[in-house]
Amino acid sequence: MSQVPAVWPYVAKVLVTAVVVVAVSEVGRRHAFWAAVLASLPLTSLLAFVWLHLGGGEAEQLARLSTGIFWLVLPSLVLFLLLPVLLRAGVGFWLSLGLSSAATVAAYAAMAAVLTRAGVRL
């Protein structure tokens, strides 16, 4: 009989992660600056590092994850640059979000190609 993994660690991960997302959205209703500070912190990355470490991840796995995050943060900035430009130009929210997301995906693809060509392995 195969062993069923304990569900409580997964529940804890989901709850802690959900609290972070809800905190950002709730703070954002009242204080855009503090919500931006909270959202800009690498909380997702920190949580991923902790969950990986607690799950038995080795130092090399954590180092690879951290390096990958570094390189992939750069193309993610496209979203934060393009979205406000489109919104301020009067483009609707959903279209702005879609176009910004599509441009970000393209930036990820371009970064992957550049990293591959440079011999960087993520």
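Let me begin with a definition: a crossing of two helices is left-handed if the near helix is turned anticlockwise from the far one by less than a right angle, and right-handed if clockwise. By that convention, helices α3 and α4 in this structure make a right-handed crossing.

Before I continue, please note that this is a predicted model, in which local features need pLDDT of at least 70 and side-chain atom pairs count only at pLDDT 80 or more, while totals for chains, interfaces and linings use all residues. Residues are numbered from 1 along each chain as its sequence is written, and side-chain values use heavy atoms, with hydrogens and water left out.

I turn to the helix packing. Helices here are DSSP runs of H or I with at least four residues, strands are runs of E with at least two, and both are numbered from the N terminus. Helix α3 covers residues 43-54, and its axis lies 10 Å from that of α4, at an angle of about 165°. Axes are lines fitted to C-alpha atoms, for helices over the stretch in contact, and angles run from 0 to 180 degrees between N-to-C directions. Angles under 35 degrees count as roughly parallel, over 145 as roughly antiparallel, 65 to 115 as roughly perpendicular, and the rest as oblique. Helices α3 and α4 are therefore roughly antiparallel.

How do α1 and α3 pack? Their axes are 11 Å apart, at an angle of about 165°, so α1 and α3 are roughly antiparallel to each other. The crossing of α1 past α3 is right-handed.

Next, the charged side chains. The structure holds three salt bridges, a salt bridge being a side-chain nitrogen of Lys or Arg within 4 Å of a carboxyl oxygen of Asp or Glu. E26 and R30 are four residues apart in α1, about one turn of the helix.

As to exposure, buried means under 20% relative accessible area, exposed over 50%, and partly exposed in between, with a 1.4 Å probe and protein chains only. R29 is exposed at 67%, and R30 is exposed at 58%. E26 is partly exposed, at 29%.

The remaining bridge to describe joins E60 and R64, whose closest N and O atoms are 3.9 Å apart. Both residues lie in α4, four residues apart, or about one turn of the helix. R64 is partly exposed, with a relative accessible area of 37%. Through shared partners, salt bridges link E26, R29 and R30 into one network.

Let me stay with helix α4, where S66 is found. S66 is partly exposed, at 36%. How far apart are the C-alpha atoms of S66 and V85? They are separated by 30 Å, with the two residues 19 apart along the chain.

Finally, the nonpolar surface. F70, V73, L74, L77, F80 and L81 make a nonpolar patch of about 600 Å². F70 belongs to helix α4, residues 59-88, and is partly exposed at 49% relative accessibility.

Definitions and conventions. Patch = residues over 30% accessible without salt bridge, like charges linked within 9 Å, V, L, I, M, F, W, Y side chains within 5 Å. Areas by Shrake-Rupley, 256 points an atom, 1.4 Å probe, with all protein chains shown as cover.
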